Amino acid sequence: MRQDGPVTQAPDPVAPRGPDGVAAPIPVEALPVPARSWYQRPALDVAADLLGALVTARSPEGDVTIRLTEVEAYDGENDPGSHAFRGRTARNAVMFGEPGRVYVYRHLGLHHCMNIVTGPAGRASAVLLRAGEVVQGVDLARARRAAAGVVDSDRQIARGPARLTVALGLDLSANGADVTEPVGDLVLRRRPDGPRPPHATGPRVGVSGDGGDATRFPWRLWLTGEPTVSAYRPAYRRPASRNSPQRGATPA
């Protein structure tokens with residue numbers, strides 16, 4: 001049984017939000033679905049254009065749509081913070097495939113995180129979806145999150161990459177899904193190209209070593225003034241020892 005009926009209106013994903021935090025409504029299904037070629041660009045360019053986009057996950061329980069407010073770019077072999085920095089593995093194989101596919105991985109055996117593959121096939125790059133605002137299926141998303149942990153407010157439902165994936169009801173079974181299919185179970189929609197919404201940039205969250213260098217890689221991007229944007233945290237560094245090299249969380 002579907003928990004939430006179909007929602008035909010959602011906040012305009014790129015329009016400025018007023019003092020009350022509400023943007024002009026727009027039909028979700030009226031927004032176009034970018035073609036695969038749209039993702040065949042540098043990860044950082046795609047990341048900036050994903051801010052304000054809408055990601056919808058369909059399931060027998062109902063549909064959940066999230067407006068993206070925070071993302072991070074990762075550039076494969078050129079990026080020491082990327083899973084693909086040292087080449088192709090069974091885990092990251094989707095990143096070397098065609099753009100517009102979803103790369104889902106399990107972090108520390110606890111959480112799932114979702115990325116969208118960018119750039120030409122054969123050259124791994126991706127954008128991590130870090131946070132967003134649930135604009136459709138809020139009750140279902142909240143119930144999923146409550147089953148996984150404490151939710152103290154609706155702004156926390158998809159505030160962070162693991163929470164976002166839980167809210168959408170996704171896990172490793174979504175690895176390789178195609179977000180360019182309008183009738184698919186996982187689809188991304190956005191307004192046609194126009195002025196990018198106001199956003200800020202900074203160091204990526206939890207990335208250690210050279211990949212966490214804020215000067216070289218200020219590749220975390222977020223919509224300014226958004227309460228759903230996650231808090232910045234540097235990489236965890238273990239006490240130095242000869243047997244325990246420093247390490248941190250590395251997203252895509």
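Leu54 stands opposite Arg189 in strand E8. I start there, and one caution comes with it: this is a predicted model.

Two residues separate E3 and E4, and the two strands form a hairpin. Within this pair, Thr56 has Thr65 of E4 as its bridge partner.

Now to Thr65. Where does Thr65 sit? Its place is in strand E4, which covers residues 62-74. Is Thr65 buried or exposed? The relative accessibility of Thr65 is 0%, and because buried means under 20%, Thr65 counts as buried.

As for what lies around it, set aside the neighbours within four places in sequence. Thr65 is then in contact with Leu54, Val55 and Thr56, and also with Glu133, Val134, Val135 and Gln136. With Gln136 there is a polar contact, side chain to side chain, at 2.5 Å.

Next, helix H2, residues 43-50. Six of its eight residues are buried, so H2 is largely enclosed by the rest of the structure. The buried ones are Ala43, Val46, Ala47, Ala48, Asp49 and Leu50. E4, the strand of Thr65, is included in what covers them, as are helix H1, strand E7, E8 and strand E10. E7 spans 126-136 and E10 spans 220-223.

Last, the residue to look at just after H2 is Gly52, with a positive phi of about 90°.

Conventions:
Residues numbered from 1 in each chain as written. Predicted model: local features only at pLDDT ≥ 70, side-chain atom pairs only at ≥ 80, totals over all residues. Heavy atoms only, no water. Helix = DSSP H or I, 4+ residues; strand = E, 2+ residues; numbered from the N terminus. Buried < 20%, exposed > 50% of the residue type's maximum accessible area, 1.4 Å probe, protein only. Polar contact = N/O pair within 3.5 Å; in protein donor to acceptor, adjacent residues only side chain to side chain. Contact = heavy atoms within 4.5 Å. Pairing = 2+ DSSP bridges.
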